[in-house]
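Here are my notes on this model, as numbered points. Please read them with the structure open.

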Amino acid sequence: MADAQRPRTVLPPLIAASNTPSNTPSNTSLNAAVADRFLRAGTLNLAAQPPLALYVHLPWCLKKCPYCDFNSHETERHGGGVGGGVGTTLPPAQQQRYLDALVADLEAALPLVWGRPVVSVFIGGGTPSLFPPEAIGRLISDIRARLPLIPDAEVTMEANPGTFERERFRAYRAAGVTRLSIGIQSFNDRHLAALGRVHDRAQALAAAEEAAASFETFNLDLMYALPGQTLAEQAEDLATALALQPPHLSVYHLTIEPNTRFAIDPPRVPDEDLAAEMLDQIAAMTGAAGLQRYEVSAYARAGYRCAHNLNYWSFGDYLGIGAGAHGKLSFPHRVLRQVKWREPARYMDEALRGTATSNEHEVARKDLPFEFMLNVLRLRDGFPLSLLAERTGLPMSAIEAGLARAEQHGLITRDWSTVRPTDRGFDFLSDLQEMFLA
Ligand SMILES: C[S@@+](CC[C@H](N)C(=O)[O-])C[C@H]1O[C@@H](n2cnc3c(N)ncnc32)[C@H](O)[C@@H]1O
Ligand code: SF4
């Protein structure tokens with residue numbers, strides 16, 4: 001269950017990437033090159049292209065958290081106090097160069113998505129709120145000048161309470177961010193310290209209160225099963241979050257990831273039984289507060305689900321720009337996965353040369369059923385069967401054996417139009433997903 005709780009699908013993994021650097025052309029021959037490479041006949045037949053979203057990765061943080069394996073790097077800071085706080089940003093030259101690199105990355109990718117409307121933008125990290133509102137404003141204008149965002153497109157930005165400043169949050173709204181996602185993790189000072197966070201309870205509360213005042217919609221990220229956390233402390237954390245009346249909550253089971261400081265020196269965390277009790281408590285408390293669990297780790301009031309993440313979980317398309325950003329793009333006869341250079345300095349050099357992509361590969365036809373099911377089974381309400389053909393061009397027979405087995409084991413229910421994980425299926429999601437491996 002812990003595995004299924006991880007926020008991984010927010011940045012879906014690149015599966016079986018090739019190690020061959022791509023050879024991205026950077027001039028007007030791009031259109032012809034794209035047509036040659038991606039529009040030629042292939043093994044799939046997609047009737048239509050899925051909705052397209054944009055992910056932008058800003059890779060720096062004030063301090064690397066000991067549990068975090070995201071592509072985030074400690075940086076030199078400009079202004080602000082020890083541990084962050086008022087006025088903390090990245091050095092201006094670094095901001096400028098990175099924004100230039102993002103534009104170059106986006107421009108090189110445009111031929112892959114010509115004419116397609118963009119349904120949502122997610123500015124994630126790292127700590128995007130290390131960029132001041134003027135920089136985020138420039139980024140959003142640069143995007144809007146190059147991509148047709150739909151009217152009312154959701155534009156989410158992640159913020160860390162350690163960079164909180166009242167006027168700054170309001171200015172992000174004015175710069176075009178429509179939804180703020182705040183990395184609270186906990187409101188308990190002891191647990192925040194154990195997680196190596198740069199903020200305390202007071203900053204977490206102030207940041208969440210300001211998000212509620214400045215944005216029509218916002219999200220709070222919490223983690224549970226924290227080092228030394230009791231059931232009562234977890235309830236207190238969640239009650240504090242719910243009292244702020246967030247339209248959306250993401251609640252993740254703390255996962256000890258390889259290649260993190262916690263993996264080398266693991267803290268004592270609640271055992272599986274206690275973690276399961278915590279999850280039951282989370283379901284009961286969020287439900288009583290009017291938030292519906294609509295995905296493994298996501299809870300929302302009606303009308304406030306995250307459009308961007310829903311697009312991932314519905315196997316939609318996304319272009320990823322920024323260091324280490326992943327993308328998935330569909331063409332009539334193939335599905336392409338891309339990843340950008342991971343290390344920020346290398347990424348900036350490469351992107352500015354028009355070669356931001358470090359790896360790309362076509363998803364093999366035999367891998368598509370699993371990749372599709374890995375995402376759609378995360379949705380509490382399940383998915384329409386017609387989505388398989390729409391998103392992959394594959395016939396129902398591609399998942400029929402897996403569905404039959406899952407049904408036999410009581411992990412899904414289905415009728416002629418819809419497949420839905422059962423409570424048991426949701427509890428054993430990794431087992432359920434594995435039934436669709438090639
Ligand atoms: C990519 S992080 C970005 C948020 C922001 N940088 C912050 O931490 O304030 C998104 C969320 O993933 C969650 N997360 C990160 N590492 C995790 C881990 N090892 N286990 C569970 N959740 C994790 C945290 O809740 C975090 O807010
Ligand atoms: S602030 Fe967020 S992205 Fe940065 S190291 Fe901590 S968890 Fe990772």
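1. Start at the cap. D200 caps the N-terminal end of α7, with a side-chain oxygen 3.3 Å from the backbone nitrogen of A202. Bear in mind throughout that this is a predicted model.

2. The length of α7 checks out. Helix α7 covers residues 201-214, 14 residues in total. At 1.5 Å a residue it should span 20 Å, and its end C-alpha atoms are 20 Å apart, so the two values agree.

3. Which residues of α7 are buried? They are A204, A206, A207, A208, E210, A211 and S214. The buried residues of α7 pack against α5 (166-174), β6 and β7.

4. Ligand 1 comes next. Its shell holds 18 residues, and the closest are G126, Q185, R197, D221 and T255. By class, the shell divides into six nonpolar, eight polar and four charged residues. Three strands, β6 (179-185), β7 (217-224) and β8 (248-253), each supply at least two residues of this shell. Two of these strands, β6 and β7, also take the packing of the buried residues of α7.

5. What are the polar distances at ligand 1? An N or O atom in the side chain of Q185 is 2.7 Å from an oxygen atom of the ligand. A polar side-chain atom of R197 is also 2.7 Å from an oxygen atom of ligand 1. For T255, a backbone N or O atom lies 2.9 Å from a nitrogen atom of ligand 1. On its own, ligand 1 has 560 Å² of accessible area, and the protein covers 94% of it.

6. Now ligand 2. The residues around it are C61, K63, K64, C65, Y67, C68, S72, G126, T127, N160 and R197. This shell divides into four nonpolar, four polar and three charged residues.

7. Check the backbone at G126. The peptide bond from G125 to G126 is cis, with omega near 20°. G126 is found in the loop between β4 (118-125) and α4 (133-146).

8. T260 sits in the loop between β8 and α9 (261-264). Its relative accessible area is 4%, so T260 is buried. Leaving out residues up to four places away in sequence, T260 touches P66, Y67, C68 and D69.

9. Is T89 buried or exposed? At 8% relative accessibility, T89 counts as buried, because the cut-off is under 20%. T89 lies in the loop between β3 and α3. Not counting residues up to four places away in sequence, T89 touches R77, H78, Q95, L130, P132 and R168. R420 is another matter: T89 and R420 are 331 residues apart in sequence and 45 Å apart in space, C-alpha to C-alpha.

10. Helix α12 spans residues 344-352, and P344, Y347, M348, E350 and A351 are its buried residues. These pack against β2 (60-61), β3 (73-74), α3 (92-109), β11 (317-322) and β13 (334-340). Just after α12, G354 takes a positive phi of about 85°.

11. D152 has a positive phi of about 65° although it is not a glycine. D152 is in strand β5 (residues 149-159) and is exposed, with a relative accessible area of 79%. A225 has a positive phi of about 60°, and it is not a glycine either. A225 is in the loop between β7 and α8 (231-243). At 1% relative accessibility, A225 counts as buried.

12. Last, L279. This residue is in helix α10 (residues 272-288). L279 counts as buried at 5% relative accessibility. How far apart are L279 and Y224 in sequence and in space? They are 55 residues apart in sequence and 8.4 Å apart in space, C-alpha to C-alpha.

How values were computed:
Residues numbered from 1 in each chain as written. Chains lettered and ligands numbered in written order. Predicted model: local features only at pLDDT ≥ 70, side-chain atom pairs only at ≥ 80, totals over all residues. Heavy atoms only, no water. Near = heavy atom within 4 Å. Polar contact = N/O pair within 3.5 Å; in protein donor to acceptor, adjacent residues only side chain to side chain. Areas by Shrake-Rupley, 256 points an atom, 1.4 Å probe, with all protein chains shown as cover. Helix = DSSP H or I, 4+ residues; strand = E, 2+ residues; numbered from the N terminus. Nonpolar A, V, L, I, M, F, W, Y, C, P; charged D, E, K, R; others polar. Expected span 1.5 Å × (residues − 1). Buried < 20%, exposed > 50% of the residue type's maximum accessible area, 1.4 Å probe, protein only. Contact = heavy atoms within 4.5 Å.
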